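Here is a friendly walk through some charged pairs and a stretch of strand pairing. Have the coordinates open beside you as you read.

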Amino acid sequence: MHRIIILMRIIIVGLFSLYSLSVEAQTFYIAPLGDDNASGNREKPLATIKEARNRIRTLRSKQELLDTVYVKIFPGTYFLNEVVTFNEEDSGTSQSPTVYTSATDERPVISGGIGTGCFEMERPDLWKVFIPETRFGLSFEQLYINGERRFRAQTPNKDDFFQISEMDKTILDGSGERTKFSVHKVVPQKQDMDFLSDIEKEEEDRVQVTFYHKWETVSKPIEYINQMDKSFYVSGKKMYHATEDSNYYVSNYRKALDAPGEWFLQKDGWLYYIPKQGETTENVNATIPVTEQFLIIKGTELNPVQHIRLENIRFEMAGFRTPVNGYESIQSASNIEATVMLDYVENIEFFNCDIAHTGLHAIWFRENCTSSKVENCHLYDLGGGGVKIGTTQIQIPKDKLVTNNIIVNNNIIQHGGYVYPASVGVIIYHGSDNEITHNDVADFRYTGISSGWVWGYSYSPTLRNKIEFNHIHHLGWGELSDMGGVYTLGNSEGTTVSNNVIHHIYSKTYGGWGLYTDAGTRGILMENNLVYACKSGGFHQNYGKYNIIRNNIFALINISAIQASQVEEHLSYTFTNNIIYQENGDIISDVWGGDNGTKIKMNYNRNLYWKTKDPTPEFYGLSFAEWKKSGKDKNSIIANPQFVNPVNYDFRFRKVSNAKKIKFKPFDYTKAGVYGSDSWKQKARIPAELELNFDEGVKKNWD
């Protein structure tokens, strides 16, 4: 009996040892000084993600993995010279997912940049450093100093613009605004013409001009300068909305280098930089990007990449290089890729990751992606936008899978559009059943969150999306137009836009709306939103069907709390149980100046209106009594909503008696935005200096 017990103990210990070895075999370690020929255990780590990926492929091909596979990355910086790729060979399973994560509490850094070496002084206000890699073809258009973006020399300096005096457009192929090919002769305004003389002859082929056209931007090389009549020429495809109203700036020539923080790379490889206050050659580290993308995950229609999770990893320093013929960045920069691209994937998760200092968008779940997440991530200092979902082309047949069930939750998505100003914080193109919740989206030059990619009433697969509890603010900067905090397009049945806080949305000309139902938006519900301090309107509908706008607060809108545009035969929208609080702006108006509002078929009822400086506000030129006689707002009232301190944006109720009269249901708008630790919520707060710069920029750029 004693021998049997001893034998059983030996067997149990042996099995436990085998189990331990199995668990250890399913964990690979990576370290900055690792070796890709090593075993990959904690004591002998690997050097690269690529090698860890290859080891896991081998194990999966032998079907030896039955539990979670971990790749644990020790702290340090891992430099990429090429994008990391995953394909169907890298798929995990629900029982055996692959998790790439940090080995400690400190996040590892995956960097697409390299250091430049130390600057030397040419003079105290001008430094230089030689970039030897330029001899081997390296070029770059982004520079990061101590982890902060610096901008290439431009005229006028950043956040200022020239405006075109005259533009002659010669169409060589096609017709209309978006031609197949056209040549543009541009005449600067007289006071701006000096820059043409500052461009040296040998620099002309490198100079770029960037135009801002309503909701799009175009960046083109200057192809010819006529010093006789002080004009310059650009050409290209689809140069939409290039008109005399366009703002522009000119970059990448030596004499434009005239402001702290600007830099210029000469053809001979010398990088010149004007230091900012407090910077010394000893305390400055400069980084230039050598890659544009960090990660590509791409499966096939039959074999999607599945069950991979990236957690507690920081991706930073990626670039963008302008093509020889420039680029046309159409609405939302939809033709531009991201630093992380996903196609044909399922159950891919990003948790507690950073993506920062990029030339492109951050993440794009593009074709046939499903059941994936971006959660608790910090996406900032972006050349483009934050998260893109779905394709820009409708897939045929119509019942073919579109990207769906992507969750974007509790992320900070801020400070973007630095290369592509028309970028959006989060956008759903063609995709259904996605959730955009509890994010903080701020400091972009265009729209905050967008859903839909069909203009009009034709088929759209973009249904049942949830845009809720987001904090969306400080957008536009008075630089682009036709934009909104939340922007929607096309048939949207089942989509909800609820419990969001939206404020400080400012366009250049028209636009700057809080909630914007554009061309053909249909069947969308917008409720329990707080919208305030926007330029043009709290809510605007261009044209659409059967949308419901209820139980929202629209306050302190500069032009008009509500705006509507086009007359149609059907019911355009229902507007009920809302509170409108205004000081100087109108209650309601049309956008295009045609007095359409009184003719549009819309159902207004049980709303509360209050204008602090006018106890008898007008509705399209009608008194409130006349407005009611027209069939609108039969059970609505004019009354003070009794907010606590609306001037300082405190829209809690001192008393709810008047709100109850319209059956308004108070909601807790403080729940919008990110949640979690105090440090995480604090990280979402934009600096006071940025708020001040935003206000100044709006005053300067607002037409």
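This is a predicted model: local features need pLDDT of at least 70, side-chain atom pairs count only at pLDDT 80 or more; totals for chains, interfaces and linings use all residues.

Because glutamate 200 sits in the loop between helix H3 (194-198) and strand E15 (208-213), while lysine 255 sits in the loop between strand E19 (247-251) and strand E20 (262-265), the pair ties together parts 55 residues apart in sequence. Glutamate 200 is also partly exposed, at 34% relative accessibility.

## A pair along a helix

Now for a bridge inside a helix. The side chains of glutamate 51 and arginine 55 form a salt bridge, at 2.7 Å from N to O. Both belong to helix H2 (residues 49-61), and because they are four residues apart there, about one helical turn separates them.

How accessible are the two partners? Glutamate 51 is buried, its relative accessible area being 18%, whereas arginine 55 counts as partly exposed at 21%.

## A buried pair and a network

Side chains of opposite charge can pair when their charged atoms come close. Arginine 314 and glutamate 316 show such a salt bridge, with their closest N and O atoms 2.6 Å apart. Arginine 314 is buried at 13% relative accessibility, and glutamate 316 is buried at 14%.

Some charged residues join up in a group: a network of salt bridges links Lys158, Asp159, Asp443, Arg445 and Glu479. In total, the structure holds 32 salt bridges.

## The parallel sheet

Let us turn to the strands. Twelve of them make an open sheet with parallel pairing, in the order E4-E23-E27-E30-E33-E36-E40-E43-E46-E50-E54-E57. Which strands stand at the edges? They are strand E4 (84-86) and strand E57 (586-590); each has a single partner strand, so one side of each is left without a neighbour in the sheet. On average, neighbouring strands of this sheet are turned by 10° against each other, direction ignored.

For a look at one pairing, take strand E50 (residues 537-541) and strand E54 (residues 560-564). These two run parallel and are joined by four bridges. Histidine 540 has glutamine 563 in E54 as its bridge partner.

Definitions and conventions. Residues are numbered from 1 along each chain as its sequence is written. Side-chain values use heavy atoms; hydrogens and water are left out. A salt bridge is a side-chain nitrogen of Lys or Arg within 4 Å of a carboxyl oxygen of Asp or Glu. Buried means under 20% relative accessible area, exposed over 50%, partly exposed in between (1.4 Å probe, protein chains only). Two strands pair if DSSP finds at least two bridges between them. Axes are lines fitted to C-alpha atoms, for helices over the stretch in contact, and angles run from 0 to 180 degrees between N-to-C directions.
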